[in-house]
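Please open the model in your viewer and keep the selection tool at hand; the tour goes from one selection to the next.

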Amino acid sequence: MKVRKYAAIDIGSNAIRLLTHNVIEEEGKDTLFRKSALVRLPIRLGEDVFKNGTISKRNEERLLNAMKAFQLLMEVHGVEKYMACATSAMREADNGQQVIDNILEASGVHIQLIDGEREASIIASTDLKNLIRKDETYLYIDVGGGSTEFTVFSEGKIKISESFKIGTVRLLNGMVDDTKWNDLEFWLKKHVKGLPNLSIIGSGGNINKLHKMSGRKEGESLSYIWLRAQYHFLASLTFEERVSELGLNPDRADVIIPATQIFVSSAKWIGAKKIHVPKIGLSDGIIKTLYYTKD
C-alpha cells in the first residue's frame, strides 16, 4: 500500500481554501481519496474587484501571507503535488496577473487562472459521476462569490455548461441587474426543455451549510419547498441574528441569503423538486485532476 499526498488551493471571490488529501493506492483495489485537512480563509477578493476593478494592496498582502502559510502547511503535510486555481475575481482584476506574479516570486506558489468552462470540467471530474443516473436529468449548480456555473447532465453525460456572473458577493453589492437574471432564466428553460426526471445537484459552502442546518442525513436531498421556506426565514432575520441565533460565521451569515436565492430561483424556473448535496466542489476536482493527469 502506498499513501500519496495531494493538495488543492481554490482562490475564489469570497474565500480561499487549502484542501489536502491522502491518496491511498493498493494493488488490486480502487484508489481511495481521503480528506486530510481543510483550511478556509474569508479573503473577499470580489469586494475589491467587482467595485473597483483591482485587488487592493491590503488584500494582495493578505493573499500573499495566506499562500506563504499554505506553502508551509503543504511542506509539513508532505504534499508531493498541488494545484492552485483562481476564478472569477482574479480573472477580472486589472492587476490580477501582476498579483499572481508577485505571489509566485514571494511564496513560490504558482497560481493558474481558469475560466468558467475549465472550472466546470474540473468539478465534473469529482465523484459527481457516481450520483448521476442515466435515466434522470440533472442541473448541476456551483455557486461562487463572483459567478455561478451551471451544467446540464442528460443520459449520464454533460449536455451543456455555462458560467453566469451571478455570484454571492456580486449580489450582496447590488451588481446583478434584472437582465442577468432574465438571461439565466431563459438559458435554463431552453436547455432543460423536454428533459425528464429533472433535479438539481448543488455544491459550494452555502448549500453544504444549508444541508447541515436542515438536519438531513448525508446523501438525503433537500426539497424545493424546504429551501424556499428557509430562504424566507433567513431573509427575515438580521445579520446579527443569523450570527448569534443560528451560529453562522460572519463571513457566511451574509452570503448564504443570495446563494439560497440562486438555488431557489433556478429550481423554480426548471420545476425541480429535489436538490442533491454531495459535498463536492472545485477543490475536490483539483485533487482528482492532479492524480489522473500524468506529467
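Which charged end sits over the ring of Phe 50? Select Arg 170, whose charged end lies over that ring, 3.9 Å from its centre; a charge counts as over a ring if NZ of Lys or CZ of Arg is within 6 Å of the ring centre and within 35 degrees of the ring normal. This is a predicted model, in which local features need pLDDT of at least 70 and side-chain atom pairs count only at pLDDT 80 or more, while totals for chains, interfaces and linings use all residues. Residues are numbered from 1 along each chain as its sequence is written, and side-chain values use heavy atoms, with hydrogens and water left out.

Next select Phe 33, where Lys 288 lies over the ring face at 4.7 Å from the ring centre. Phe 33 also belongs to a cluster that ring pairs build with Tyr 6, Tyr 291 and Tyr 292; rings of Phe, Tyr and Trp (its six-membered ring) pair if their centres lie within 6.5 Å, and planes under 30 degrees apart count as stacked, over 60 as edge-to-face and the rest as tilted.

In the whole structure, 7 aromatic pairs are found. Tyr 6 and Tyr 291 have ring centres 6.1 Å apart and planes at 85°, so they are edge-to-face. Both tyrosines are buried, that is, under 20% relative accessible area with a 1.4 Å probe and protein chains only.

Finally, select Trp 181 and Trp 269, an edge-to-face pair with 6.1 Å from centre to centre and 65° between the planes. Trp 181 is buried at 11% relative accessibility, and Trp 269 is buried at 19%.

Definitions and conventions: Buried means under 20% relative accessible area, exposed over 50%, partly exposed in between (1.4 Å probe, protein chains only).
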